[in-house]
Amino acid sequence: MRVTLGEGSTPLLHAPRLSETLGLELWVKWEGANPTGSFKDRGMALAVSRAVERGAAGVVCASTGNTAAAAAAYAARAGLRAVVVTSGGAVARSKLAQVRAAGAELREIDGTFNDAHHEAQRLADQEELVNVNSINPDRIEGQSSAAREVLEQLGGAPDVLALPFGGGGNTVAYSRGFGETQPRFVLGEAARRCDTFASAIRIAEPVHREEVRRVVERCAGEVVSLSEKRLASAWHALAREEGIFCEPASAAGLAAVEAAGLRDALVVCVVTGHGLKDPDAVR
Ligand code: F0G
């Protein structure tokens, strides 16, 4: 059974004002247009479909919010139980609303995202739930569809693909999806990984650190460490210059492009989640 809410086929938007300011040709892959408002829907659709095929009773994940919202929605769609583990007080308001609305079980722990990850794995083993974090290869395979869409929409690979680096699963997924035609990956991570205001990427220890290192090494790319100020400034620019209102973490790709001082290149920034996810970030 294929479980779907109509994910994928998101717009690739030209960003004329930011292109001119930055001196490059900038395009935005707008992943906030997915059904639950983030790129996570791509991988979750496949992971939940496969869980159903295997006869699973339910799914479990740890999350900074978006994976949780996607797991809750797709599990509801499939008639499965969903358990979501979060670090208490660290998840944006609308994401919790999405989880609750879909009837998922929310377990808030007193610990970090990495602690939540361990708890999710423990629950997966103990309660025979399928873990739908990005250690589940179906998640990565599902998310790789975005790279194939970019190839099709652009008629080839861009010079540079820029995206946020939280746990690194999405970087691995794009690299898979691009296959033989790898762009240069420019990744933005929060310098303050433990307490950045970009709560979606508040992840001290990236699960896919080693794979990301190999992707970046192979394409002569880079990982740019971003101050809070740089992140906020790129986030504002997307909304004010281009009308693209995303959540703060989603602007990390653009912030990395700015910080790296790229010029005269065809750049695709993956903008990962909708601004309505985190209304409290806007002040
Ligand atoms: N952007 C958004 C909006 C995210 O929610 C995440 C990760 C990332 C970027 C980073 O992607 O981890 O593949 O490098 N969110 C996860 C979650 C951790 O639980 O929703 P990554």
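**Notebook: the ligand and its shell**

I looked up where the ligand lies: domain 1 (12-38 + 140-282) and domain 2 (40-138) both give residues to the shell around the ligand, so it lies between them; the domain bounds come from an automatic or database domain assignment. I note that this is a predicted model, in which local features need pLDDT of at least 70, side-chain atom pairs count only at pLDDT 80 or more, and totals for chains, interfaces and linings use all residues. Residues are numbered from 1 along each chain as its sequence is written, and side-chain values use heavy atoms, with hydrogens and water left out.

I found 20 residues around the ligand, the closest being Ser63, Gly167, Gly168, Asn170 and Thr272; a residue is near if one of its heavy atoms lies within 4 Å.

I then looked up polar contacts (pairs of N or O atoms within 3.5 Å). Lysine 40 places a polar side-chain atom 3.1 Å from a ligand nitrogen atom. Serine 63 has a polar side-chain atom 2.7 Å from a ligand oxygen atom. At asparagine 170, a polar backbone atom is 2.8 Å from an oxygen atom of the ligand. I recorded that the protein covers 96% of the 480 Å² of accessible area the ligand has on its own, by the Shrake-Rupley method with a 1.4 Å probe.

Helix H3 (66-78) and helix H8 (169-178) each supply at least two shell residues; helices are DSSP runs (H or I, at least four residues), numbered from the N terminus.

Conventions:
Polar contact = N/O pair within 3.5 Å; in protein donor to acceptor, adjacent residues only side chain to side chain.
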